[in-house]
Each structure stands twice: as C-alpha cells, then as structure tokens.
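Colleague: I would like a close look at one part of this model. Please take me through the salt bridges first, then a single helix.

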Amino acid sequence: MSTHPAPRTTFGALATGPRLPVLTGIVFLVTLACGIAQLVHPPLYDHVVRDAARIDAGEWYRLLTGMFFQDGWAFGLVSNLVWLAVFGTLAERVFGRWRWLVLYFGCGLSGQFLSYVWLNPVGAGNSMCVAGLLGALAVLVIVASRRYGVVLPVQFRVLAFAAPVLAVVDTVVHDNHGVPCLLGMVLGFLLLPSPTLATHPEVVTPDHFHGESGVKGG
C-alpha cells in the first residue's frame with residue numbers, strides 16, 4: 001500500500017527505517033537498568049568503570065561495560081538517556097537498525113579505546129556512543145539537499161556544519177567526545193541509505209520488515 005510523501009523540509013522525508021525505535025528502546029532500558037544498579041549499589045561502579053590500570057591488567061571487559069554505566073552518576077544517567085532517546089530515535093528511523101548498531105557501538109567502542117590509551121583513561125558513560133549517532137545525523141543533514149532533495153531548516157544545517165569543527169576543538173582540549181563524533185560522520189557517510197529510499201518512501205526495504213518483526217539479529 002502506498003503512502004503520501006512526507007514534507008520535504010523535515011526529517012520525516014528521510015525516515016525510511018522502522019517506525020518503532022525498538023533498538024533504541026532496548027539499549028535505553030539496558031543502560032537505565034545499569035545506571036539504577038550503580039546508584040543502588042555504588043561499589044559496583046569500581047568493577048565496571050573504564051580504568052586504564054585495570055585494563056592493562058587484563059580486565060578488557062571494562063571497555064564494554066564502560067558504555068552502560070555513568071561516571072556522572074544520577075545527572076549523567078538522566079542527561080545521557082535523554083540524548084539517547086532523541087538522537088537514537090532519529091538515527092534508527094533514518095539509518096535503520098543494523099546501521100544504528102554499527103554507529104552506536106562502533107563509535108562507542110572506538111571512543112572507549114581511545115580514551116583508555118590517550119584521552120581520558122578513567123571514566124564511563126554512553127555519551128560517546130550518542131556522539132557517534134550525532135555525527136552520522138550531521139552528515140545526513142549536510143548531504144540531504146544534494147543526495148535526497150530534502151532541504152532541512154537552516155538551523156539544522158548550521159549545527160551540522162558546526163559539528164566537525166566543534167568535534168576537533170573538543171579533541172584538542174582533550175575531551176573524549178570529539179573523536180567518536182568524527183568517526184560517526186565518516187561511518188554515517190559510508191552507511192547513508194540509498195537516495196531512492198527517501199525519494200520513494202513507498203519502496204519496501206528489509207528494515208521495514210524488521211520494523212514489523214523486531215530487532216535484527218540476536
């Protein structure tokens with residue numbers, strides 16, 4: 001059944017992925033559960049935080065657990081979950097689920113590793129994962145007009161062009177969110193959906209089926 005094209009000046013015109021952000025919701029709930037466990041039992045944090053000395057001692061699992069617990073505790077948990085809900089939903093609707101997984105965990109793991117060896121050896125949080133999604137969305141906004149014929153509002157375009165500059169500055173001042181954002185831009189460009197999907201939203205894609213049947217993979 002065909003549908004009416006979405007307005008060509010909104011993200012809706014580019015949203016060809018699954019309608020329900022199931023994957024974002026699952027990661028949101030897992031991160032929330034980890035955050036609550038950390039708040040209820042604070043000593044847990046010491047066993048999961050990214051800690052260069054302990055990673056050097058062989059506890060490599062900390063590069064993974066560092067993406068689900070928060071060094072900002074309650075405030076970090078709430079703020080990071082809000083950003084995950086916003087940018088995670090947008091990215092899943094635009095890029096689909098398997099691309100979302102690559103962007104979120106690819107940028108997150110890369111950010112954790114670079115933080116461990118260079119930028120910030122001790123810490124935790126899913127904000128670097130979200131920074132990767134933000135970078136991918138910035139690339140989408142930059143190319144939307146030329147690639148998809150969708151002219152997004154000027155404020156979106158200004159923010160998108162500012163993203164790489166801010167990411168470089170962020171890295172220069174030794175924060176660890178800039179590199180995941182830049183990597184998200186690179187991966188986002190490589191994983192951009194086909195132009196025909198945004199031009200003809202009635203085309204049925206595998207991600208549409210995943211939107212009906214659940215998360216791809218296991």
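Modeller: Start with Arg97, which pairs with Glu92 in a salt bridge, the closest N and O atoms being 2.9 Å apart. Arg97 is buried, at 1% relative accessibility. Glu92 is buried too, at 0%. Bear in mind that this is a predicted model. The count comes to 2 salt bridges. One of them joins the side chains of Glu59 and Arg62, at 2.6 Å from N to O. Here Arg62 is buried, at 2% relative accessibility.

Now the helix. Helix 8 covers residues 154–172. At 1.5 Å a residue, its 19 residues should span 27 Å. The end C-alpha atoms are 28 Å apart, which agrees. Helix 8 still has a kink of about 35 degrees at Ala163, shortly before the proline Pro164.

Which residues of helix 8 are buried? They are Ala160, Ala163, Ala167, Asp170 and Thr171. An α-helix has 3.6 residues a turn, so residues three or four places apart point the same way. The cover over the buried residues of helix 8 includes helix 6 (97–119), helix 7 (127–148) and helix 9 (178–190).

There is also a surface patch to note. Val165, Val168, Val169, Val172 and Val173 form a nonpolar patch there, with about 460 Å² of accessible area together. Val168 belongs to helix 8. Val168 is partly exposed, at 44% relative accessible area. Just after helix 8, His174 takes a positive phi of about 75 degrees.

Notes: Residues are numbered from 1 along each chain as its sequence is written. This is a predicted model: local features need pLDDT of at least 70, side-chain atom pairs count only at pLDDT 80 or more; totals for chains, interfaces and linings use all residues. Side-chain values use heavy atoms; hydrogens and water are left out. Helices (H or I, at least four residues) and strands (E, at least two) are DSSP runs, numbered from the N terminus. The expected span of a helix is 1.5 Å times one less than its number of residues. The bend at a residue is the angle between axes fitted to the seven residues ending there and the seven starting there. Buried means under 20% relative accessible area, exposed over 50%, partly exposed in between (1.4 Å probe, protein chains only). Contact means heavy atoms within 4.5 Å. Patches are made of residues with over 30% relative accessible area and no salt bridge: like charges are joined within 9 Å, nonpolar side chains (Val, Leu, Ile, Met, Phe, Trp, Tyr) within 5 Å. Accessible areas come from the Shrake-Rupley method with a 1.4 Å probe; for residues, only the protein chains shown count as cover. A salt bridge is a side-chain nitrogen of Lys or Arg within 4 Å of a carboxyl oxygen of Asp or Glu.
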